[in-house]
Amino acid sequence: MEFLGVSGVLVALMTAFFLLLFFMLTFCWCISPILILNKLKRCGFGGPTPIFPLGNIKEMKRNNSNIVHSSLVSSNLTHDIHSTVFPYFSNWQKSHGKVFVYWLGTEPFLYVADPEFLKRMSAEVVAKRWGKPNVFKIDREPMFGSGLVMVEGNDWVRHRHIIAPAFNPLNIKVLASMMVESTNKMIERWVTQINSGNLEIDVEREVIALAGEIISRTTFGMKDDNAMDVFHKLRALQVTLFKTNRYVGVPFGKYFNFKKTLEAKKLGKEIDHLLLSIIEGRKNSQKDNSQQDLLGLLLQENHQYEKGDGKLGKTLTIREVVDECKTFFFGGHETTALAITWTLLLLAKHEDWQNQLRDEIREVVGNDMLHLSNLSGLKKMKCVMNEVLRLYPPAPNVQRQVREDIKVDNLRVPNGTNLWIDVVAMHHDNEIWGKDANEFRPERFMDDMNGGCNHKMGYLSFGFGGRMCVGRNLAFMEYNIVLTLLLSKFSFKVSPTYHHSPSIMLSLRPTYGLPLIVHTL
Ligand code: HEM
């Protein structure tokens with residue numbers, strides 16, 4: 001009798017638990033998103049119909065898999081890439097225009113490909129009031145932690161004030177010699193390979209490795225063996241997070257691929273551990289504090305702040321310095337490497353521009369040692385860089401989250417809405433750039449800083465507003481140095497084995513690498 005009583009209570013408790021779970025899941029997966037969906041409709045926004053709890057993810061994945069198959073058989077080198085890299089946005093634009101809401105799981109995203117709408121909306125918000133999507137903060141925690149890319153509000157102001165001066169052109173000058181040294185090492189390797197009769201080089205793989213070495217050395221200096229170890233682990237982390245079937249935005253979505261989530265967490269911890277030991281070592285050694293690398297510059301700036309007002313909370317903690325170093329790795333190496341990679345593809349395709357740049361290098365830099373002051377004279381190279389970043393922006397989208405209701409004319413963007421700004425769409429839009437939007441024409445930037453773009457928010461390679469890329473001077477320097485050295489030594493042609501299939505793995509990259517036929521000059 002007593003036994004039955006206990007089991008009865010257990011059954012009742014279990015039933016109550018499952019009922020509660022059922023109601024919680026129904027609320028999270030259906031009721032709450034449907035309420036938000038209705039609110040967004042009342043605020044004036046349409047979009048593709050979501051099916052909760054996946055939102056529009058299923059349709060996005062279906063669109064993506066169609067593209068992968070067709071790109072495999074295509075060797076057509078068109079720059080009209082929006083429908084290839086974002087097939088779902090390209091389709092939805094046809095029925096919903098350039099501003100609409102779509103859903104990643106139960107998270108609403110306001111899609112924006114209209115520069116005028118972006119201008120009006122951002123006029124209402126100062127940089128520190130913008131949020132970064134919580135859903136990505138959680139998902140990418142092992143990569144960025146609370147580094148500059150992800151922090152908000154007063155924390156963002158504090159981080160930015162300490163970090164921005166470290167990246168000013170005078171400070172980063174000292175990093176140039178490391179860039180030259182690493183590039184020359186790669187050049188020597190290429191010459192050996194070419195002399196052995198193998199002219200085909202996977203330029204994407206090589207340049208990503210080069211930029212990895214450069215960012216390891218420029219962040220931590222030349223001596224630290226741990227730096228390359230960190231780099232390899234960070235690459236593995238990126239592959240773990242972005243090469244798996246993912247359900248970001250779906251409640252409990254990370255448990256769908258639990259093994260990968262654990263793997264990412266473990267790699268994240270190992271990286272933190274390594275970085276902590278490098279930074280602690282540096283902080284404790286008075287001599288190395290002045291070391292001329294990004295970590296040294298950052299610790300120096302931090303120290304200035306410590307001395308400046310001595311107030312706790314004004315400086316970066318060690319934990320925050322760790323996250324900033326990770327952010328430099330991710331923000332800094334792949335974007336710059338891809339800018340160089342896509343440039344080499346476009347120059348291989350457009351030999352006239354390859355020759356024009358080579359002539360300019362001969363004229364401005366000569367055969368002398370590469371002097372930094374000369375690099376600013378490379379005007380045509382700057383136009384080529386702008387045009388490549390327009391056609392193939394390594395950061396193909398910019399994200400924000402709204403932290404208070406924003407009114408844009410008669411529309412209202414409610415607090416909590418995520419923004420997804422489609423940079424690829426804007427950069428390829430005929431209405432903004434004219435009929436030749438999908439053509440490689442660096443001359444459009446020659447006498448016009450805006451490249452003939454009819455809207456000041458139409459070109460967003462480095463983002464917009466106060467949160468614009470903090471590392472762009474470093475990127476310009478690396479781009480100029482690497483291309484000057486490569487173009488002075490080699491000529492490039494597209495290999496017949498190249499498949500033109502740009503795709504997104506956080507950044508915009510060539511899916512099957514970039515095999516080029518390379519000759520020494
Ligand atoms: C061609 C190379 C690069 C491109 C295309 C690029 C692009 C971008 C973009 C689009 C943003 C977002 C801006 C926004 O949200 O409005 C950004 C932010 C950022 N980038 Fe870069 N970047 C490049 C190189 C670098 C380098 C070399 C570093 C550092 C080593 C770096 C560090 C950062 C950081 C820390 C942020 C966050 C800034 C903030 O939120 O205040 N980037 N970058």
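**Exercise 1. Identify how many residues surround the ligand in this predicted model, and which of them are closest.**

*Solution.* The ligand is surrounded by 25 residues. The closest are Gly331, Gly332, Gly463, Cys469 and Gly471. The structure is a predicted model.

The next step is to sort the shell by class. Around the ligand there are 14 nonpolar, eight polar and three charged residues.

**Exercise 2. Determine which residues of helix α16 are buried, which are exposed, and what covers the buried ones.**

*Solution.* Begin with the extent of the helix. Helix α16 comprises residues 351–364, 14 residues in total. From its first C-alpha to its last it reaches 20 Å, close to the 20 Å expected at 1.5 Å a residue.

Next, list the buried positions. In α16 these are Trp353, Gln354, Leu357 and Ile361. They lie on the same side of α16, because they cover an arc of only 105° around the axis.

Then turn to the other side of α16, where Glu351, Asp352, Asp359, Arg362 and Glu363 are exposed.

Now consider the cover. The elements over the buried residues of α16 include α15 (318–349), α18 (379–391), α21 (472–489) and β8 (490–494).

Finally, look past the end of the helix. Gly366 follows α16 and has a positive phi, near 70°.

**Exercise 3. Classify Asn154 and Lys407 as buried or exposed, and place each in its element.**

Asn154 belongs to helix α8 (residues 153–166). Asn154 has 10 other C-beta atoms within 10 Å and is therefore exposed. Its C-alpha lies 6.8 Å from that of Lys128, although Asn154 and Lys128 are 26 residues apart in sequence.

Lys407 belongs to strand β5 (residues 406–408). Because Lys407 has 12 C-beta neighbours inside 10 Å, it also counts as exposed. When residues up to four places away in sequence are not counted, Lys407 touches Glu124 and Arg412.

**Exercise 4. Find where the cis peptide bond lies, and describe the positive phi values of Asp409 and Leu506.**

*Solution.* The cis peptide bond joins Phe52 and Pro53, with omega about 10°. Pro53 is located in the loop between α1 (2–42) and α2 (57–72).

Asp409 is not a glycine, yet its phi is positive, about 50°. Asp409 sits in the loop between β5 and β6 (411–413). It counts as exposed, with 9 C-beta neighbours inside 10 Å.

Leu506, also a residue other than glycine, has a positive phi near 70°. The loop between β9 (502–505) and β10 (507–510) holds Leu506. Leu506 is partly exposed, with 17 other C-beta atoms within 10 Å.

**Exercise 5. Describe the surroundings of Ser495.**

*Solution.* Ser495 occupies the loop between β8 and β9. With 18 other C-beta atoms within 10 Å, Ser495 is partly exposed.

Leaving aside neighbours within four places in sequence, the contacts of Ser495 are Glu200, Pro515, Leu516 and Ile517. For Leu516, 21 residues apart from Ser495 along the chain, the C-alpha separation is 4.7 Å.

**Exercise 6. State over which residues pLDDT stays under 50.**

*Solution.* The average pLDDT of the protein is 88, and 93% of the residues score at least 70. Over residues 69–74, pLDDT stays under 50. For residues 69–74 the model has five contacts beyond four places in sequence. Where pLDDT is low, predicted coordinates should not be read in detail.

Key. Residues numbered from 1 in each chain as written. Predicted model: local features only at pLDDT ≥ 70, side-chain atom pairs only at ≥ 80, totals over all residues. Helix = DSSP H or I, 4+ residues; strand = E, 2+ residues; numbered from the N terminus. Expected span 1.5 Å × (residues − 1). Buried ≥ 20, exposed ≤ 12 C-beta atoms within 10 Å, placed from the backbone. Arc of directions from axis to C-beta. Contact = placed C-beta atoms within 7 Å. Near = placed C-beta within 6 Å. Nonpolar A, V, L, I, M, F, W, Y, C, P; charged D, E, K, R; others polar. pLDDT = per-residue confidence, 0-100.
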